[in-house]
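Hi,

Here is the structure I promised to pass on. Have a look through it first, and then read my notes below.

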Amino acid sequence: MRDAVIVEAVRTPIGRAKPGGALTGMHPVELLGQTLLTLLDRTGIDPELVDDVIGGCVDQVGEQAKNTTRNAWLAAGLPESVPATTVDRQCGSSQQAVHFAAQGVISGAYDIAIACGVESMSRVPMWSNVPPGTDPFGPSLPARYDGGLVPQGISAELIAAQWSIGRARMDAYAAESHQRAAAARAGGLFAAELAPIATPTGLATADESIRPATTPEVLAGLRPAFVDPAFSSRFPQIDWSVTAGNSSPVNDGASAVLITSSDTAARLGLRPRARLHSFAVTGSDPLLMLTGVIPATRKVLQRAGLDLADIDLFEVNEAFAAVVLAWIAETGADPAKVNVNGGAIALGHPLGASGTRLMATLVNAMEQRGARYGLQTMCEAGGLANATVLEAIG
């Protein structure tokens with residue numbers, strides 16, 4: 001049976017999506033194009049050999065419209081003969097791209113595929129694809145849920161309430177994310193995954209959202225971000241504990257992973273870095289929305305024939321601290337194995353790029369720590385989640 005292996009995984013430095021951010025001057029097509037070139041350069045393969053390029057992007061409008069992945073491939077001067085497509089599974093878009101690429105390799109439809117993602121949240125802000133006055137849900141979907149749907153911030157508050165996760169725990173978790181990321185950066189642990197980006201103002205080489213001085217005491221001074229009297233009335237259990245400090249920021253970034261089979265890698269003289277062992281995707285309650293990581297983790301472990309104790313490292317996307325803390329509470333995972341180099345609260349969350357960003361970080365962390373198995377999972381808007389198990393090779 002054919003397998004699928006990761007040969008290389010890279011990501012850009014993650015920029016702040018605010019005026020002065022290092023990547024704000026970069027069109028998303030150019031940002032992803034440079035990332036793809038770095039990936040190919042580090043593998044040394046002939047780009048003509050790539051069978052397909054599958055990219056994740058969430059707000060596919062404006063500068064991110066009309067198949068950004070294909071546009072980025074061509075803008076980078078790469079062969080016209082190689083196809084590309086852009087997918088949207090919300091925050092898990094590029095993790096889903098990995099699944100599609102790996103499944104294509106395993107099935108024999110591809111020999112070599114690239115999974116990637118990009119999001120320029122400074123140039124294409126979140127919800128840009130929903131113009132004022134438009135409704136992406138229609139009347140029947142909100143009517144299915146008593147009182148209608150809720151935004152993600154309210155979902156995070158509902159999760160905090162249901163799992164009794166107080167403000168102090170969320171702030172402490174967020175501060176530790178910054179401390180872990182700062183330590184990883186200082187120790188050079190991100191060096192192998194970073195792809196510097198040439199911008200109009202110079203070379204971008206460093207993640208911009210990490211704040212080494214962040215403490216729980218500093219975070220305690222921030223105001224709740226989603227207070228709403230109507231939702232207070234509808235959900236009296238909410239105590240308004242979610243802040244900008246214990247949530248992921250808005251960011252710019254891109255990332256990419258090259259996937260092939262072991263046989264193809266051997267034929268081309270490439271060194272596989274990890275095997276894509278098992279995949280899962282689940283749906284969950286759209287009101288809680290972000291808890292899909294819990295059943296997704298159970299499902300992928302069952303498919304892998306593994307127990308939680310078999311997993312050496314976990315990457316769980318830190319959309320909100322409450323999400324990861326609820327996941328830890330439900331799964332029983334050891335917090336010391338979760339997001340060991342910090343997560344999205346510190347590093348940032350450029351939506352369409354985050355899936356392959358986490359994968360680049362996980363592949364490197366597994367090598368650095370001698371891990372055999374790693375598990376990655378991401379919550380996604382609308383009540384969705386992807387999960388992937390990686391296995392070390394050799």
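A quick word on terms before anything else: a residue is called buried under 20% relative accessible area and exposed over 50%, and partly exposed in between. Keep in mind too that this is a predicted model.

With those cut-offs, methionine 126 comes out as partly exposed, because its relative accessible area is 40%. You'll find methionine 126 in the loop between strand 5 and helix 4 (140-143).

Now go back to strand 5 itself, which covers residues 112-120 and includes serine 120. Is serine 120 buried or exposed? Serine 120 has a relative accessible area of 1%, so it counts as buried. And what is serine 120 in contact with, leaving aside its neighbours within four places in sequence? The list is Met26, Pro28, Gln64, Asn251 and Asp252.

Next, helix 11, which runs over residues 321-331. Nine of its 11 residues are buried, so the rest of the structure largely encloses this helix. The buried ones are Ala321, Ala322, Val323, Val324, Leu325, Ala326, Trp327, Ile328 and Thr331. What do they pack against? On the helical side, the partners are helix 5, helix 6, helix 10 (293-304) and helix 12 (344-347). Strand 10 (313-316) and strand 11 (373-380) are partners as well. Just after helix 11 comes glycine 332, with a positive phi of about 80°.

That brings me to backbone angles. Most residues other than glycine have a negative phi. Two residues to look up here are lysine 66 and serine 164: neither is a glycine, yet lysine 66 has a positive phi of about 60°, and serine 164 has a positive phi of about 55°.

Where do they sit? Lysine 66 is in the loop between strand 3 (52-56) and helix 2 (68-75). Its relative accessibility is 76%, and since the cut-off for exposed is over 50%, lysine 66 counts as exposed. Serine 164 is in the loop that links helix 5 (152-162) to helix 6 (167-186). At 62% relative accessibility, serine 164 counts as exposed too. Helix 5 and helix 6, on either side of that loop, are also among the elements that the buried residues of helix 11 pack against.

Happy browsing!

How values were computed: Residues are numbered from 1 along each chain as its sequence is written. This is a predicted model: local features need pLDDT of at least 70, side-chain atom pairs count only at pLDDT 80 or more; totals for chains, interfaces and linings use all residues. Side-chain values use heavy atoms; hydrogens and water are left out. Helices (H or I, at least four residues) and strands (E, at least two) are DSSP runs, numbered from the N terminus. Buried means under 20% relative accessible area, exposed over 50%, partly exposed in between (1.4 Å probe, protein chains only). Contact means heavy atoms within 4.5 Å.
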